[in-house]
Amino acid sequence: MTGVGADGIPAARATDGLPWWQKAVVYQIYPRSFCDTDGDGVGDLAGIVRHLDHLSWLGVDALWLSPFYRSPMADFGYDVSDYCDVDPLFGTLADFDHLVAEAHARDLKVIVDWVPNHSSDAHPWFVAARSSRDDPHRDWYRWRDDRSDAAGGSGPPGSPGRVPNNWRAAFKGVGGDDYPPAWTYDERTAQWYLHLFLPEQPDLNWDHPGLRAAMIDTLRFWMARGVDGFRVDVTHGLGKDPALPDLPLALADIPISGLNDDPRTHPLLAELRSVLDDWPDPPERMMVGEVFLPATSQSLDYYGAPERPELHLSFNFPPLLAPWDAAAWRAQIDEVQELFGPRGAWPSWVLSNHDQPRHRTRYGSEARARAAAVLLLGLAGTPFLYAGEELGLEDAVVPPESRVDPGGRDGCRAPIPWDGTSTHGWAMSDTPWLPWPPDADAGRTATELRADPSSILWLYRHLLRARRDSPALASGTFSWVPSTPPPSSEDQALVWQRVHRIDVDGGDVESVDVRVVAVNFGSTSAEIHLPPGRWQVEVSSLVPDGSPREGTPQLEGSWVLAADEAVVLRPLTP
Ligand code: GLC
């Protein structure tokens, strides 16, 4: 383990003056699904403002807003037709300014989603680009001729045998079985354009200086409106081998959006980073990138190097895709510890988002979702929450006739139920754009859970409070607590220690803050070994405020976690 001192206590990591995004817990809002105030059944910016007090009460530090820009909504906003305006469905720029002001008044940072890999086909740039091969915007997108006979093409122009390469697009479409080609033929100009996602999402060509400058202007537009950072959609898609070569056959059925990992992306990201770093007004503006690639080491590459930084934070997806299993999670955590530490990269952790089944659904029970909250908020790095996980929401069951997403992701995008009324705090006149999640009519709403101090909502609040109050949890070092006998693949519990130590005068300890986090992944009780000293339960996934764990006011030596239980322990003060 890196950074362990001679006394067995992990060495100090400077925490004073840490940038805000290292101390923050970020909360993702999918605006369509958060809260509707104008009665159309789709959430809006005013609905976000309405619930900012919920987020302050919960104790998060920053909001990431999925896209609210003008869009034909083929991919529900990830198809942007104007990067510098709000879609009327969500409100106006004035509503956005109001949201930022209200968030900042509550000390909540605002991160907006930025979609640089592709625009909408309705964006004026693409409308111009497809109007003629000579249009000045033509090369802002990626166009190719029919595959030639010499390269194995066959058939009439624009026919499937002439697709320029073997890349597949990401979505099968509602009811579709196969990933379609990542190319669409444009009859008028008799060339194909590339789209890693839907045909309505043509890929932008980041090799073109005009496109780069125009997109960088959109970053400045939002920074000038006060946003604190960007979540960069499909970060790993920006740079491409200009030859756009065929994939090896063994990979050819996998969408290229999950494989493209071209070195040309890195100088582009470094350029974007310098745009943020050069922004004159505080606070530091932050970029967190979606790097949806199979290996943790790949997500790490997108941090760049100290002398040429790229992302501040990179989403690392393998843990999100890992099963609820101690050995699997131990391996994921070890890999991050071993790879990120030496590179000075700050990890991020996320269990749910708008693209994947919720972890409550994947892991199979509320008890596990509660334990997972302790895991997520007990790790070293910046945690990201997805709206509704604090309510323990499951994915909605969406009947085939109601499916709307070409990527099959409707379930995790179900509307947030705010209260126990028939419209759950939404102002809609009809039904919301997707069905409510399970149990919305049986008390699983924000208002009802808030009335129950034993609820998962209170668990999140206690965990967020514990993290805010403890420098060890917020930014301390990480080390496994050795077990006796040593860990084996049979172990169903993981136990680790977080330590924050400030050294002064060459090593005299001024203050030490320590927390132990223990997670039982199993559905039977598990004995764990504690570090030396006496401990008390600060938060338990079973009993959010930790206090009523009867018979265990002082813990020493070893202790038994209940089935599915996870805890934060703090040193017992006399
Ligand atoms: C990212 C987004 C996803 C979107 C895709 C295309 O993966 O998270 O929701 O569909 O990019 O923009």
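Biologist: Which strands does helix α8 lie across, and at about what angle does α8 run to β10?

Modeller: Keep in mind that this is a predicted model. Helix α8 covers residues 265-277, and it lies across β5 (109-114), β9 (229-232) and β10. Its angle to β10 is about 150 degrees.

Biologist: What is the strand order in the open sheet of 8 strands?

Modeller: Okay, this sheet has parallel pairing. Reading across the open sheet, the order is β13-β10-β9-β5-β2-β1-β15-β14.

Biologist: Why is one side of β13 and of β14 left without a neighbour in the sheet?

Modeller: Look at where they stand: β13 (313-315) and β14 are at the edges. The twist, by the way, averages 25 degrees from one strand to the next. One side of each edge strand is left without a neighbour because each has a single partner strand.

Biologist: Which residue in β13 is the bridge partner of Glu 290?

Modeller: Start with the strands: β10 (residues 286-290) and β13 pair in the parallel sense, with 3 bridges. In β13, the partner of Glu 290 is Phe 315.

Biologist: How many residues of strand β15 are buried?

Modeller: Check both faces of β15. Thr 382, Phe 384 and Tyr 386 are buried on one side, and Pro 383 and Leu 385 are buried on the other. So β15 (residues 382-386) is largely enclosed by the rest of the structure, with its buried residues numbering 5 of the 5.

Biologist: Which residue of β15 stands opposite Gln 28?

Modeller: β15 pairs in the parallel sense with β1 (residues 26-29) over 3 bridges. It also pairs that way with β14 (residues 348-350), over 3 bridges, where Val 350 has Phe 384 as its bridge partner. As for Gln 28, the residue opposite is Tyr 386.

Biologist: How far away is the nearest side chain of opposite charge from Asp 395?

Modeller: Asp 395 is found in the loop between β15 and α14 (446-450). Its side chain has a polar atom 3.0 Å from the backbone nitrogen of Arg 358, and the residues Asp 395 touches include Pro 357, Thr 361 and Cys 412. Still, Asp 395 is buried and has no salt bridge. The nearest side chain of opposite charge is Arg 358, at 4.4 Å.

Biologist: Which residue in β8 stands opposite Arg 144?

Modeller: That takes us to an open sheet of 3 strands, ordered β6-β8-β7 with antiparallel pairing. β6 (143-144) and β7 (183-186) are the edge strands, each pairing on one side only. Between β6 and β8 (residues 191-194) there are 2 bridges, and opposite Arg 144 stands Trp 192.

Terms used
Residues are numbered from 1 along each chain as its sequence is written. This is a predicted model: local features need pLDDT of at least 70, side-chain atom pairs count only at pLDDT 80 or more; totals for chains, interfaces and linings use all residues. Side-chain values use heavy atoms; hydrogens and water are left out. Two strands pair if DSSP finds at least two bridges between them. Helices (H or I, at least four residues) and strands (E, at least two) are DSSP runs, numbered from the N terminus. Buried means under 20% relative accessible area, exposed over 50%, partly exposed in between (1.4 Å probe, protein chains only). Lys and Arg count as positive and Asp and Glu as negative; His and the chain ends are not counted. A salt bridge is a side-chain nitrogen of Lys or Arg within 4 Å of a carboxyl oxygen of Asp or Glu. A polar contact is a pair of N or O atoms within 3.5 Å; within protein, one must be able to donate a hydrogen and the other to accept it, and residues adjacent in sequence count only if both atoms are side-chain atoms. Contact means heavy atoms within 4.5 Å. Axes are lines fitted to C-alpha atoms, for helices over the stretch in contact, and angles run from 0 to 180 degrees between N-to-C directions. Lists of a residue's contacts leave out its neighbours within four places in sequence.
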